[in-house]
Amino acid sequence: MSLAESSEARKARLLELKQRKQASQGIIKNRNFDPESRTLKKHTANEDVEMDTVERNVDGLAQLVIAEDEEKRAEELNVFNIAPKRPNWDLKRETDKKLAKLERKTQEAIHTLIRQRLAAQKGDSDDLIGAMKAQERAQDQEDLSDEE
């Protein structure tokens, strides 16, 4: 199919659509038409017609919003809502780093004491002195790394 043929087919479809649209404009829409009696509906003043309007939907909405706002403000002023649920969370945050370092040093000290006791039970006094010197060297290296 060439471009000319496709454009002609499109023009024909558009023309047909335009004609259908113009023909449908002459038909009466059912907004005010009663199909049973084939007459137009007429609304009189004495009929109570329930119409869904914006005013009817919004009626009372302003008072509802004001009441909700007052409740929220009363809640915000409550002292228990202002105070943190965990009052010492910042203290824990600050001490976690320090506790981690102390935990490591505590574990090293426990290991050293266990080694010393085992060496004392075996009767290896040389091993005990060697373990103590190794511990002192490790302590000195840690102190140097902590200072940097």
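Author: The labels are taken up one by one below.

Author: This is a predicted model, in which local features need pLDDT of at least 70, side-chain atom pairs count only at pLDDT 80 or more, and totals for chains, interfaces and linings use all residues. Residues are numbered from 1 along each chain as its sequence is written, and side-chain values use heavy atoms, with hydrogens and water left out.

Reader: How many helices and strands does the protein chain have, and what makes a helix or a strand here?

Author: The protein chain has six helices and two strands. Both are DSSP runs, numbered from the N terminus: helices are H or I with at least four residues, strands are E with at least two. Along the sequence the pattern reads α-β-β-α-α-α-α-α.

Reader: Why is T112 called buried?

Author: T112 has a relative accessible area of 7%. Buried means under 20%, exposed means over 50%, and partly exposed lies in between (1.4 Å probe, protein chains only). T112 therefore counts as buried. T112 sits in helix 5, residues 89-122. Buried residues make up 3% of the 148 residues in the protein chain.

Reader: What does the side chain of T112 reach?

Author: The side chain of T112 reaches the backbone oxygen of E108 at 2.9 Å. A polar contact is a pair of N or O atoms within 3.5 Å; within protein, one must be able to donate a hydrogen and the other to accept it, and residues adjacent in sequence count only if both atoms are side-chain atoms.

Reader: Is A109 buried, partly exposed or exposed, and which helix holds A109?

Author: A109 is in helix 5. Its relative accessible area is 37%, so A109 is partly exposed. A109 and Q135 are 26 residues apart in sequence, and their C-alpha atoms are 8.8 Å apart in space.

Reader: What makes D69 and R73 a salt bridge?

Author: The N to O distance between their side chains is 3.4 Å. The rule asks for a side-chain nitrogen of Lys or Arg within 4 Å of a carboxyl oxygen of Asp or Glu. D69 and R73 therefore meet in a salt bridge. By this rule the count comes to one salt bridge. Side chains of opposite charge can pair when their charged atoms come close.

Reader: Where do D69 and R73 lie, and how exposed are they?

Author: D69 and R73 are four residues apart in helix 3, so about one helical turn separates them. D69 is partly exposed, at 35% relative accessibility. R73 has 53%, so R73 is exposed.

Reader: Which residues form the nonpolar patch, and what makes a patch?

Author: V54, V58, L61, L64 and V65 form the nonpolar patch on the surface. Patch residues have over 30% relative accessible area and no salt bridge; like charges are joined within 9 Å, nonpolar side chains (Val, Leu, Ile, Met, Phe, Trp, Tyr) within 5 Å. V65 has 47% relative accessibility, so V65 counts as partly exposed. Helix 2 (54-58) and helix 3 (61-76) each give two or more residues to the nonpolar patch. Helix 3 gives the most, with three residues.

Note on methods:
Accessible areas come from the Shrake-Rupley method with a 1.4 Å probe; for residues, only the protein chains shown count as cover.
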